[in-house]
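Subject: Structure handover

Hello,

Here is the structure I said I would pass on. My notes follow below it.

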Amino acid sequence: MDEAAAATETPPPASSPQEAGEEGAIRTRALTKRYRGGQLAVDGLDLTVPAGSVFGFLGPNGSGKTTTIRMLMGLIEPTSGTARVLGRPMPRHTRTVLPHVGALIEGPALYGFLSGRDNLLRQDAADPTADPRTRRARVAAALDRVGLAAAAGKKARAYSLGMKQRLGLAAALLQPRRLLVLDEPTNGLDPQGMREIRTLVRELASDGTTVFLSSHLLDEIEQVCTHAAVMARGRLVVQGPVADLAAGARGRLVVTTPDPAEAARVLKEQGAGDVTADGDRVSGEPPERDLAEVTAALVTAGVRVRGLGIERASLEDAFVALTGEGFDVAG
Amino acid sequence: MSRADTTAELRDEGPVRGVGAVGEAAPVRAVRPLWSLGLLRNELLTTLRRWRTLALLAVLAAVPVLIGVAVRIETGGAAAHGGGDGGGQGPAFLAQITNNGLFLVFTALAATLPVFLPLAVGVVAGDAIAGEASAGTLRYLLVAPAGRTRLLLTKYATVLAFCLVATLVVAVSALAMGVLLFPLGDLTTISGTRIGFAEGLGRALLIALVVAASLTGLAALGLFVSTLTHSGVAAMATTVGLLITAQILEQVPQLHAIQPYLFPHYWLSFADLMREPVYWDGLVKNLELQALYAAVFGSAAWARFTTKDITA
Ligand SMILES: Nc1ncnc2c1ncn2[C@@H]1O[C@H](COP(=O)(O)OP(=O)(O)OP(=O)(O)O)[C@@H](O)[C@H]1O
Ligand SMILES: [Mg+2]
């Protein structure tokens, strides 16, 4: 939580907007993408990713996360609006910006007929700023970092899903980067793999790399991210420090008691909303008044109280509250 | 986005700041021209390591072997029957093989140029961009960042290299078979004059180069098709389809008005290198036409690829 608190001042004071350091690692203004089919995938996005943050990019399926990332990486042209990455407009400056960016976009893509090592050698050769003299060493280091050193000589076609994902990550780590853009990096990884990724992200962040991470795994975001943004139907719903987001969804008052019916009645009387009883657990939205008074009222009414407290909302609650309960993907 | 960022541009806006690390101003990583060629080298090696490329080359190498063996068997018993069937340029060479193995090179090139060679080139060119797109590797090359113009040039250079390699495979395989199965020596040109074996070998090499150059127009066409789709198979099929269509149109007499603009029209003019003196007219027209195709479809491919949304 210390990390989150330290990075709370967002956006940074924009004393001189020319200074890349002042304007965040990523900054979009009214960024909009309408695909050729007419699908409005991203709609007026104003996103600011503070430099040095670990930024979680959340949203239900089809909410426009990957589309945003494609625009940031210069793969697709925005319909309108602007995107700046590391202080420079994209896609105009792909040549100068992208060598400092490692990316994993919509899962890994490999040459099945090449070994894992040869895949990375090719990826590195594609970067004209990468020194060929250190290529082999950097590839070996990247393979080692994602735990693939032993499988480096194996044809990529024979890799498992998690191994492919790791190789994709290794490609993003071929050079020291200032920004890492990871679209669902833990997809297909085993629990150890996920842990390693979390450790890796923390490590990179402590070296000063900004990490932009899209994921559906809210636990994960809550554990590693300092900041987060939530998308829904192509629009930005909210962005800010993770601690603030979770706090935004109010916690619930929970009373544990052998007299649930009576307790529920008293809680309603005391002004708690949405009261539900489930076995010996009665919960509701906490009333405005002091909880001490609520406790006194319960005891006065003869309710035997085993426990009473506020359960803090998780990021998941915040996420569902912001993007809706519905399971169906927006059309 | 296609334009190479120059250092002048860098100075305009100042270096990319080390926004990650506090107060650290890491140097801008410069593009080194020599390092840029790393991708071409890798692309050539990668192409030649593909099972598919090797299969295509193996088929091409097999054609001269088949022709050589067939001619040998055919003429094995009944010794050299005077090659009277002039007509087409191919058969004119064919009849001479038994006298001189070097003619197997000319025959094999004449036999593979209409179909086998362009088919192989169509497959490689059609797959160049679309294959990367369908595998998803295109987006990673572009964020590397390979640069769209650089990637396209690299791909075209690789397809051209493949044209040359494929042609040389046919020529070398034919030469080997010729040496193995038939006598060698001075040769008679189409014009009836005699030239020495060394000069004949030189002409064979020249012919191989001209044949390879004949494929450059198709290579550009295939590359253009390759930028139009996200499916490697569709691009290969379309390119090969265009080749077959052009070859059919060549055969329809009513279409003689448009035939001089079809890329295979002057392909067989390479035989004119076997005249004494060499008859340059058709050869020059062929090379001009190939250059025209390369310019037109190369530009089209560039215009398309540098503005395309890469969503695969
Ligand atoms: N190439 C495309 N052409 C047309 N529409 C597209 C294309 N790619 C995505 N879309 C549409 O754009 C919207 C946003 O898609 P996007 O891939 O950005 O979502 P996402 O947030 O990454 O989803 P997920 O969590 O499933 O990865 C969706 O409605 C999708 O149907
Ligand atoms: Mg996505």
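Arg203(B) counts as buried, at 10% relative accessibility (buried is under 20% relative accessible area, exposed over 50%, partly exposed in between, with a 1.4 Å probe and protein chains only). Its salt-bridge partner is Glu199(B), at 2.8 Å from N to O; a salt bridge here is a side-chain nitrogen of Lys or Arg within 4 Å of a carboxyl oxygen of Asp or Glu. Glu199(B) is partly exposed, with a relative accessible area of 39%. Helices (H or I, at least four residues) and strands (E, at least two) are DSSP runs, numbered from the N terminus.

The model is predicted: local features need pLDDT of at least 70, side-chain atom pairs count only at pLDDT 80 or more, and totals for chains, interfaces and linings use all residues. Residues are numbered from 1 along each chain as its sequence is written, chains are lettered from A and ligands numbered from 1 in the order written, and side-chain values use heavy atoms, without hydrogens and water.

Over all chains there are 22 salt bridges. In one of them, Glu43(B) pairs with Arg122(A), with the closest N and O atoms 2.8 Å apart. This pair crosses between chains, from helix 3 (residues 38-49) of chain B to helix 5 (residues 116-125) of chain A. Both ends are buried: Glu43(B) has a relative accessible area of 5% and Arg122(A) one of 1%.

Asp127(B) and Arg50(B) form another salt bridge, at 3.5 Å from N to O. Asp127(B) lies in helix 7 (residues 116-135) of chain B and Arg50(B) in the loop between helix 3 and helix 4 (51-76) of chain B, so the pair ties together parts 77 residues apart in sequence. Asp127(B) is buried at 10%, while Arg50(B) is partly exposed at 26%.

The largest nonpolar core has 153 residues, and those with the most contacts inside it include Met73(A) and Phe106(B). Such a core is a set of buried Ala, Val, Leu, Ile, Met, Phe, Trp, Tyr and Cys residues joined through side-chain atoms within 4.5 Å. Helix 9 (residues 148-181) of chain B gives the largest share, 12 residues.

Chain A also has an open sheet of 4 strands in the order 13-14-12-15, with antiparallel pairing (two strands pair if DSSP finds at least two bridges between them). Strands 13 (273-278) and 15 (307-311) stand at the edges with a single partner each, so one side of each has no neighbour in the sheet.

Regards
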